[in-house]
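Trainee: Could we go through this model together, one question at a time? I'd like to see how each answer is reached.

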Amino acid sequence: MVNGTNQENLIEELQNQVSGTLVRHKSILDIMTKLDEYNARINRAVAKSVTSCGCIEIDAQRQDFNSETLTDALAKVDSHVVGDICPNCKEVLEQEIGAYIYFLASLANTLDFRLKDTVKKELDRTKTLGVYGMK
Ligand SMILES: [Zn+2]
């Protein structure tokens with residue numbers, strides 16, 4: 001397990017590395033559309049895990065949010081995923097997510113903000129709000 005400081009360094013290192021490698025898709029228009037493309041590829045990889053590989057299934061039904069507390073509701077809601085993703089599908093999904101993160105780092109570089117700061121703010125917000133963040 002990597003501690004918090006090393007994780008921030010890892011994000012910072014990736015963002016710095018990405019800044020020197022983007023040639024063909026340097027325009028923010030290319031970066032924005034690449035993010036869309038890899039978002040679709042991530043969803044496609046999950047769908048192919050269901051429809052081609054079969055390592056996971058999706059068994060979805062209406063979620064029941066009626067509970068006394070949000071903590072109770074959290075215990076009742078379901079991901080609708082049945083089974084475990086296999087190593088092959090996981091590898092494909094990791095590649096697609098990695099490419100998405102690459103272009104997310106590119107977006108951050110282009111607009112001059114640090115991803116590690118964004119991750120830290122989101123982590124702090126999530127810790128503070130907990131289940132009341134309700135995403
Ligand atoms: Zn699979």
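Trainee: How are α2 and α4 oriented to each other?

Mentor: This is a predicted model, so local features need pLDDT of at least 70 and side-chain atom pairs count only at pLDDT 80 or more, while totals for chains, interfaces and linings use all residues. Residues are numbered from 1 along each chain as its sequence is written. The axes of α2 (residues 28-53) and α4 (residues 87-110) cross at roughly 165° and come within 9 Å; axes are lines fitted to C-alpha atoms, for helices over the stretch in contact, and angles run from 0 to 180 degrees between N-to-C directions. Angles under 35 degrees count as roughly parallel, over 145 as roughly antiparallel, 65 to 115 as roughly perpendicular and the rest as oblique, so α2 and α4 are roughly antiparallel.

Trainee: Which residues make up the contact of α2 with α4: how many nonpolar, polar and charged?

Mentor: Helices here are DSSP runs (H or I, at least four residues), and strands are E runs of at least two, numbered from the N terminus. For the classes, Ala, Val, Leu, Ile, Met, Phe, Trp, Tyr, Cys and Pro count as nonpolar, Asp, Glu, Lys and Arg as charged, and the others, Gly among them, as polar. Where α2 meets α4, the contact residues split into 17 nonpolar, 5 polar and 3 charged.

Trainee: Is H80 buried or exposed?

Mentor: H80 sits in the loop between α3 (70-76) and β2 (81-83), and has a positive phi of about 70° although it is not a glycine. A residue is buried if 20 or more other C-beta atoms (placed from the backbone) lie within 10 Å of its own, exposed if 12 or fewer, and partly exposed in between. H80 has 11 C-beta neighbours inside 10 Å, so it counts as exposed.

Trainee: How far apart in space are Q63 and H80?

Mentor: Q63 belongs to the loop between β1 (56-58) and α3. In sequence, Q63 and H80 are 17 residues apart. Going C-alpha to C-alpha, their separation in space is 9.6 Å.

Trainee: What is the phi of D112?

Mentor: D112 is found in the loop between α4 and α5 (115-129). Its phi is positive, in a residue other than glycine, and lies near 60°.
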